[in-house]
Amino acid sequence: MITIDGSYGEGGGQILRTSVALSTITGEPVRIVNIRANRPNPGLRPQHLHAILALKHLANAEVKGAHVGSRELVFIPKKLEAKEISIDIGTAGSITLVLQALLPAMVFAREKVKFRITGGTDVSWSPPVDYLSNVTLFALEKIGIHGEIRVIRRGHYPKGGGIVEGYVEPWNEKRELVAKEYSRIIKIEGISHATNLPSHVAERQARAAKDELLQLKVPIEIRTEISRSIGPGSGIVVWAETDCLRLGGDALGKKGKPAEIVGKEAAQELLDQLKPGHCVDKFLGDQLIPFLAFSGGVIWVSEITNHLKTNIWVVESFLGRIFDVDGNVGEPGKIRVIRRV
């Protein structure tokens, strides 16, 4: 049994998500201690618990310590099977963070896996669902992973109630990813949404983002989405499609924050990610790590983050030395797979 120290590096929920996903894939039992020890409210939160329970379902696993607040977990997988997954986080807990745990494991099932998750689609400290569906899945397609993520209903803090459905196909053909420097930006796209709010909120977010991005001198199309849910909220995701991958930026609205500021923040984040000229933004970098261990390849990231370094540590705790990292945290960098599994 592998023991993983949940307080390592940035010490967040990512250690837990990647560890249990890799346990499911490899069949190797894992014990995780000091779960989220570096967070103000340590231990399992609802979104972590539901990700674990979903992976337990997929892997027919035996689990100990699976309750909110738990600081230690034992996960003993058996056989990974394709099953439909239905999760209600019960709070505005992040749907995308649950999917970060599920996606690597689901693609190793022998048949298509469908999922339906209720919770937060657009919440702080996690990727917005539009980023996952338009940036992350776009990159995963390049290595042979096919799937879909659909927003049925938005969910914001504090009420949640968002619904996301989708599926992934079995990962039958593993293709190497070589994504170094882009030579041109093809277009900018985005989605600006407002839920239980006037339509002008989404329109102003989109307009402000577009105004900031005009300097790139490429076609820009940011669509607006007006919807109803159990609570109000707004946000915007913009992405640049280059000749290798897509890079993204996003921002969330909140009470008292002008829509123009929200749009400008998302656009500025995208511009910052584009500046080094590397193909992979800082958010996608750490998300790709578990997949690259199996596909192989080289990625150049706009910024090496603690999340990325921590995810590499977790993967290598299971699989041995996989990656060579050139660069320091907070700077652009290069990650090369020196041995694929």
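**Close-up views of the predicted model**

**View 1. Asn60 sits in the loop between α2 and β3.** Helices and strands are named here from DSSP runs, numbered from the N terminus, with H or I runs of at least four residues counted as helices and E runs of at least two as strands. The model is predicted, so local features are described where pLDDT is at least 70 and side-chain atom pairs where it is 80 or more, while totals for chains, interfaces and linings use all residues. Residues are numbered from 1 along each chain as its sequence is written, and side-chain values use heavy atoms, with hydrogens and water left out. Although Asn60 is not a glycine, its phi is positive, at about 50°. With a relative accessible area of 29%, Asn60 is partly exposed, a class that lies between buried (under 20%) and exposed (over 50%) when a 1.4 Å probe is used on protein chains only.

View 2. As background, most residues other than glycine have a negative phi, and most peptide bonds are trans.

**View 3. An open sheet of 4 strands runs in the order β1-β2-β4-β3, with mixed pairing.** Two strands are taken to pair if DSSP finds at least two bridges between them. The edges are held by β1 (2-5) and β3 (62-64), and because each has a single partner strand, one side of each is left without a neighbour in the sheet. From one strand to the next, the twist averages 15°, where axes are lines fitted to C-alpha atoms (for helices over the stretch in contact) and angles run from 0 to 180 degrees between N-to-C directions. Strand β2 (residues 30-33) pairs with strand β4 (residues 73-76) in the antiparallel sense over 3 bridges, and Val74 in β4 is the bridge partner of Arg31. Helix α2 (residues 46-59) lies across β3 and β4 and runs at about 20° to β4, whereas α8 lies across β1 and β2 and runs at about 165° to β1.

**View 4. His307 is the position at which UniProt places the feature "active site".** UniProt positions follow the numbering used here, feature names are shortened, and annotations may be inferred rather than shown by experiment. His307 belongs to helix α8 (residues 306-319). Leaving aside residues up to four places away in sequence, His307 touches Glu10, Gln14 and Asp286, a contact being heavy atoms within 4.5 Å. The relative accessibility of His307 is 33%, so this residue counts as partly exposed.

**View 5. Glu225 and Arg154 form a salt bridge.** The term salt bridge stands for a side-chain nitrogen of Lys or Arg within 4 Å of a carboxyl oxygen of Asp or Glu, and by this rule the count comes to 20 salt bridges. The closest N and O atoms of Glu225 and Arg154 are 2.8 Å apart. Because Glu225 lies in strand β11 (residues 220-227) and Arg154 in the loop between β7 (147-153) and β8 (162-168), the pair ties together parts that are 71 residues apart in sequence. Arg154 is buried, its relative accessible area being 2%.

**View 6. Glu260 forms a salt bridge with Arg204, and Glu303 forms one with Lys282.** For Glu260 and Arg204, the closest N and O atoms are 2.7 Å apart. This pair links distant parts of the chain, with Glu260 in helix α6 (residues 259-274) and Arg204 in helix α5 (residues 199-213), 56 residues apart. Glu260 is partly exposed at 34% relative accessibility, and Arg204 is partly exposed with a relative accessible area of 24%. For Glu303 and Lys282, the closest N and O atoms are 3.9 Å apart. Glu303 lies in the loop between β14 (297-301) and α8, and Lys282 in helix α7 (residues 282-295), so the pair ties together parts that are 21 residues apart in sequence. Glu303 is partly exposed at 24% relative accessibility, as is Lys282 with a relative accessible area of 22%.
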